[in-house]
Amino acid sequence: MLRYRDGDLRAFEELYRRHHRGLYLFIAWRSPRQDWVDDIVQDSWANLHQARARYQPQAGFRTYLFQIARNRLIDQLRQQQRVTLASDMGGPDSGNDDSSAFDALVDAHAQQNGPDTQLEQEQQIASLQAAIRALPGEQREALVLQQFNGMSLEDIATLVEAPVETVRSRLRYAMKKLRQRLEPAVTPGEMA
């Protein structure tokens with residue numbers, strides 16, 4: 001990032017190559033609407049470009065980039081909330097879409113396997129996705145950042161602006177809830 005800040009455009013290509021997928025998945029897991037994901041990710045890269053001259057390496061680059069994206073998502077949620085409050089108190093927003101980029105990746109992977117294996121994998125993945133989505137937002141966010149993006153506790157704490165012990169606690173509770181929810185699905189001797 002320091003090279004990019006100083007004008008090396010090839011450094012940006014490397015940053016994008018390393019982080020575009022993780023950023024996309026992070027936003028896809030956090031966004032309540034699939035149609036926002038591409039816009040938020042694109043805006044995040046554009047905001048990074050605009051802010052490059054002011055970049056100071058206080059945390060890891062990934063933390064910095066994810067913070068930009070997280071802030072953009074929060075802005076989008078606030079804007080949607082204002083629009084919802086200003087509109088008629090009637091019907092729910094019909095733009096909600098429970099699918100995610102993760103679903104698309106899972107579908108693509110599942111097509112590479114045989115029908116029996118594919119069905120079993122789809123069921124396991126669907127159970128895991130449902131369990132993760134059922135977690136409270138702060139626990140889900142910490143889990144996704146650690147497990148799917150490989151972020152350290154310190155980086156997550158910086159990103160979510162919480163103490164490391166709070167992040168550790170969120171992860172512990174998230175894992176406990178996942179185990180409780182998934183254990184009945186894998187109990188030996190049960191017939192489907």
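Predicted model: local features only at pLDDT ≥ 70, side-chain atom pairs only at ≥ 80, totals over all residues.
1. **Helix 2 against helix 7.** Start with helix 2, residues 9–30, and helix 7, residues 137–148. Their axes come within 10 Å and cross at roughly 160°. An angle over 145 degrees counts as roughly antiparallel, so helix 2 is roughly antiparallel to helix 7. The crossing of helix 2 past helix 7 is right-handed.

2. **Who makes that contact.** Helix 2 contributes Phe26, Trp29 and Arg30. Helix 7 contributes Gly137, Arg140, Glu141, Val144, Leu145 and Phe148. Sorted by class, this contact of helix 2 with helix 7 has 5 nonpolar, 1 polar and 3 charged residues. Keep Phe26 and Glu141 in view, as both are named in this contact and both return below.

3. **Glutamate 141.** What does glutamate 141 touch, leaving aside its neighbours within four places in sequence? The contacts are Phe26, Arg30, Arg70 and Val160. Phe26 and Arg30 belong to the helix 2 side of the contact with helix 7.

4. **Helix 2 against helix 3.** Helix 2 also packs on helix 3, residues 34–51. Here the angle is about 145° and the axes are 10 Å apart. Helix 2 passes helix 3 in a right-handed crossing. On the helix 2 side, the contact is made by Phe12, Leu15, Tyr16, His19, His20, Leu23, Tyr24, Ile27 and Ala28. On the helix 3 side stand Gln34, Val37, Asp38, Ile40, Val41, Ser44, Trp45 and Leu48. By class, the contact of helix 2 with helix 3 has 12 nonpolar, 4 polar and 1 charged residues.

5. **A tilted aromatic pair.** The model has 7 aromatic pairs. One of them joins tyrosine 4 and phenylalanine 12. Their ring centres lie 5.1 Å apart, and the planes stand at 40°, so the pair is tilted. Tyrosine 4 has a relative accessible area of 2% and is therefore buried. Phenylalanine 12 has a relative accessible area of 22%, so it is partly exposed. The cut-off for buried is under 20%.

6. **A stacked aromatic pair.** Phenylalanine 26 and phenylalanine 66 have ring centres 4.9 Å apart. Their planes are at 15°, so this pair is stacked. Phenylalanine 26 has 1% relative accessibility and counts as buried. Phenylalanine 66 also counts as buried, at 1% relative accessibility.

7. **Glutamate 161.** This residue deserves a look at its backbone. Glutamate 161 has a positive phi of about 55°, although it is not a glycine. Where is glutamate 161 found? It is in the loop between helix 8 (153–160) and helix 9 (164–182). Its relative accessible area is 68%, so glutamate 161 is exposed.

Conventions. Residues numbered from 1 in each chain as written. Heavy atoms only, no water. Axes fitted to C-alpha atoms, helices over the stretch in contact; angles between N-to-C directions. Helix = DSSP H or I, 4+ residues; strand = E, 2+ residues; numbered from the N terminus. Parallel < 35°, antiparallel > 145°, perpendicular 65-115°, else oblique. Left-handed = near helix turned anticlockwise from the far one by under 90°. Contact = heavy atoms within 4.5 Å. Nonpolar A, V, L, I, M, F, W, Y, C, P; charged D, E, K, R; others polar. Phe/Tyr/Trp six-rings, centres within 6.5 Å; stacked < 30°, edge-to-face > 60°. Buried < 20%, exposed > 50% of the residue type's maximum accessible area, 1.4 Å probe, protein only.
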